[in-house]
Amino acid sequence: MINITIPTPDITITKQVNPELSHIYGFTDFHLIPRDKAGIFMFYNAQEELLFVGKARKLRQRIKKHFEDTVSPMKAYRNEVALIEVCIVEDAVEREIYETYIINSQKAKYNVEKVFFK
């Protein structure tokens, strides 16, 4: 049996209730996410239920696309996201393994690909 330990998040950003600064769906701290780093990200709702897991070679750009893009699998659920956790993982194989493992072990609500638990 393979034992996988989910990495501890390097960055956590929380939705602001009434943000004074420019924001995207209540999130003002995208600047905390590195532009040039790769990794995995997890979207949670206010009840800390895992909504979606993804991976990216350029984290900030990919996460922001989920809130701006018209084809994102999250487009109908963007208002539900209350917390974003980001783990820096540079190795592409490790990102793939972590993403698939987290989707299935934590039963991410809105992931449709790589799902084995349904």
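I began with the largest nonpolar core, which has 19 residues. Phe30, Phe43, Ile63, Phe67 and Ile84 have the most contacts inside it. A nonpolar core here is a set of buried Ala, Val, Leu, Ile, Met, Phe, Trp, Tyr and Cys residues joined through side-chain atoms within 4.5 Å. Buried means under 20% relative accessible area, exposed over 50%, and partly exposed in between (1.4 Å probe, protein chains only).

I noted that this is a predicted model, where local features need pLDDT of at least 70, side-chain atom pairs count only at pLDDT 80 or more, and totals for chains, interfaces and linings use all residues. Residues are numbered from 1 along each chain as its sequence is written, and side-chain values use heavy atoms, with hydrogens and water left out.

Next I looked up Phe43. Leaving aside neighbours within four places in sequence, Phe43 is in contact (heavy atoms within 4.5 Å) with residues including Leu51, Ile63, Phe67 and Ile84.

Then I turned to strand 1. Strands (E, at least two residues) are DSSP runs, numbered from the N terminus. Which residues sit on the covered face of strand 1? They are Ile11 and Ile13, while Thr12 and Thr14 form the uncovered face. In a regular strand the side chains alternate between the two faces of the sheet.

Last, I checked the partner. Strand 1 and strand 4 pair in the antiparallel sense over four bridges; to pair, two strands need at least two bridges found by DSSP. Ile11 stands opposite Val86 in strand 4.
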